[in-house]
Amino acid sequence: MRAYLPAYELVVPRTLAEALALLRDESGGWRPFAGGTDLMVLLEAGRLEHRKFFSIRHLGELRGIEEADGWVRIGALTTYTEVRRSELLGRLFPLLGRAARETGGIAIQNRGTIGGNIANASPAADTPPALLAYEARVELVSAAGSRLVDYADFHTGYRQTVMRADELIAAVHLAPTREGARHFYRKVGTRRAQAISKVCFAGVAEVEGGALGRVRIALGSVAPVVLRCRRTETLLSGRRPDGEVLKAAAEELAREITPIDDLRSTARYRTRVAQNLLAEFMAELDGEDVRR
């Protein structure tokens with residue numbers, strides 16, 4: 001059953017200040033509409049319950065990719081296509097480009113935005129594991145001002161975030177990893193393209209003197225929120241990933257995640273795949289240097 005279009009309102013504030021005023025003056029009354037790639041699916045299915053939206057797609061303050069003061073700022077309205085094509089992001093944060101290529105088809109990549117992917121708060125989304133592995137910070141803006149939130153603290157539960165009703169996501173901030181860090185991203189779905197992930201794995205690791213340095217691991221689709229696996233990271237950091245260490249890491253990873261059985265997969269399958277992806281990540285860290 002399709003939604004009845006005249007039952008919905010869509011307005012276009014001229015400026016960011018006007019958009020934020022809508023959120024301030026009618027708290028909960030209006031919601032932002034950016035790429036619309038998730039909202040339009042709900043609309044088509046007749047399941048879009050909210051009725052009042054305002055477009056932010058034209059707001060230049062929420063666009064752009066720039067580097068300053070040792071950080072890279074990615075505007076919330078940056079599309080997956082723009083992420084894929086960015087030389088700066090490809091050089092410093094290659095996992096983002098890999099995640100963007102895994103997100104839907106070309107039409108979705110042209111309209112979908114990184115801010116929308118975060119705000120949608122799906123634990124199966126493609127870019128959040130990469131953002132979590134890169135220890136991103138989220139810039140939230142309201143009529144009262146702005147604030148930065150560690151992305152690790154942004155999602156508080158399934159489809160829940162720390163965002164207040166009067167706030168928008170303005171940008172994502174990233175600090176480059178150490179030179180020589182290794183980057184790993186894998187998405188496992190029912191098919192090779194345009195599938196919702198069964199497990200999504202992002203990892204960043206430093207290699208120091210034949211051993212692992214600092215390790216960061218994030219997974220999607222294995223918990224109510226995208227998950228940073230800190231205990232597994234601690235077990236691996238500073239160690240040579242021999243068979244005993246890898247076995248212990250796989251067991252710890254299984255204890256950290258909380259997958260479920262659903263239409264796409266089973267908890268047992270997701271756990272095994274997550275462990276296999278961890279092993280693949282370790283195997284790609286130049287075995288000659290870190291496994292002898």
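The legends below describe close-up views of a predicted model, in which local features need pLDDT of at least 70 and side-chain atom pairs count only at pLDDT 80 or more, while totals for chains, interfaces and linings use all residues. Residues are numbered from 1 along each chain as its sequence is written, and side-chain values use heavy atoms, with hydrogens and water left out.

View 1. Helix α11 covers residues 267-283; helices (H or I, at least four residues) and strands (E, at least two) are DSSP runs numbered from the N terminus. Among the buried residues of α11 are Ala267, Arg270, Val273, Leu277, Leu278 and Phe281, where buried means under 20% relative accessible area, exposed over 50% and partly exposed in between, with a 1.4 Å probe and protein chains only. The buried residues of this helix pack against β11 (182-189), β12 (197-208), β13 (211-220), α9 (230-236) and α10 (243-256), a contact being defined by heavy atoms within 4.5 Å.

**View 2. Aromatic rings around Phe184.** The whole structure holds 5 aromatic pairs, counted when ring centres of Phe, Tyr or Trp (its six-membered ring) lie within 6.5 Å, with planes under 30 degrees apart taken as stacked, over 60 as edge-to-face and the rest as tilted. Phe184 and Phe201 form an edge-to-face pair, at 5.5 Å centre to centre and with 85° between the planes. This pair links distant parts of the chain, since Phe184 belongs to strand β11 and Phe201 to strand β12, 17 residues apart.

**View 3. Charged ends over rings.** The charged end of Arg137 sits over the ring of Trp71, 4.1 Å from its centre, and that of Lys198 sits over the ring of Tyr269, 5.2 Å from its centre. The criterion places NZ of Lys or CZ of Arg within 6 Å of the ring centre and within 35 degrees of the ring normal.

View 4. A search of the whole structure finds 20 salt bridges, each a side-chain nitrogen of Lys or Arg within 4 Å of a carboxyl oxygen of Asp or Glu. Glu167 and Arg147 meet in one of them, at 2.7 Å from N to O. Glu167 lies in the loop between β9 (160-161) and β10 (168-174) and Arg147 in strand β7 (residues 145-150), so the pair ties together parts that are 20 residues apart in sequence. Glu167 is buried at a relative accessible area of 4%, whereas Arg147 is partly exposed at 28%. The side chains of Glu280 and Arg186 also meet in a salt bridge, at 2.8 Å from N to O. The partners are in helix α11 and strand β11 respectively, 94 residues apart, and Glu280 counts as partly exposed at 29% relative accessibility, as does Arg186 at 27%. Elsewhere, salt bridges that share partners join Glu135, Arg214, Arg216, Arg228 and Glu233 into one network.

**View 5. The surroundings of Gly35.** Gly35 lies in the loop between β2 (31-33) and α2 (39-44), and is buried with a relative accessible area of 8%. Leaving aside neighbours within four places in sequence, Gly35 is in contact with Arg57, Arg111 and Thr113.

How values were computed: Expected span 1.5 Å × (residues − 1).
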